[in-house]
Amino acid sequence: PAGESAGDLLVFIEALAERGRQIGRTTGSCVLVEPPTRYQCTSTVSLPDGTLTIVGRPDLGKKVARGAITGGTGRYRRARGTVRVERLGDETERIIYTILD
């Protein structure tokens, strides 16, 4: 149907920076499951020493979203943990990865 509806797909590529220096990127997709703001998302975080896989069910209408680190490759091949995403502005987020391995 016209407008937002369940099943709509959001695809993203985002640069990851630390202290103004790019250190990697995140690529992923989200499916709208409960309109207008609740999604089911999967993403891959690419870093110099490997990748992390992330899943979550964020509500894009809220300022903070949480997800789970479900694995990875390279240095992060045994990684598990959590992700906290804080929206700071239209184009800026603070992402906190808590990695357990």
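Okay, so Arg94: this one is partly exposed, with a relative accessible area of 44%. Keep in mind that we're looking at a predicted model. Arg94 makes a salt bridge with Glu86, and the closest N and O atoms sit 2.7 Å apart. Now, is Glu86 buried or exposed? Glu86 is buried, at 14% relative accessible area, because the cut-off for buried is under 20%.

How many salt bridges does the structure hold? There are 4. Let me walk you through two more.

Next up is Glu34 with Arg57, where the closest N and O atoms are 2.4 Å apart. As for accessibility, Glu34 is partly exposed at 41%, and Arg57 is partly exposed at 38%.

Then there's Arg75 and Asp49. Their side chains meet in a salt bridge at 3.6 Å, N to O. Where do these two sit? Arg75 is in the loop between β5 and β6 (80–87), and Asp49 is in the loop between β3 (38–47) and β4. That's 26 residues apart, so to speak a link between distant parts of the chain. Arg75 is exposed, with a relative accessible area of 56%, whereas Asp49 comes out as partly exposed at 43%.

How values were computed
Residues are numbered from 1 along each chain as its sequence is written. This is a predicted model: local features need pLDDT of at least 70, side-chain atom pairs count only at pLDDT 80 or more; totals for chains, interfaces and linings use all residues. Side-chain values use heavy atoms; hydrogens and water are left out. Buried means under 20% relative accessible area, exposed over 50%, partly exposed in between (1.4 Å probe, protein chains only). Helices (H or I, at least four residues) and strands (E, at least two) are DSSP runs, numbered from the N terminus.
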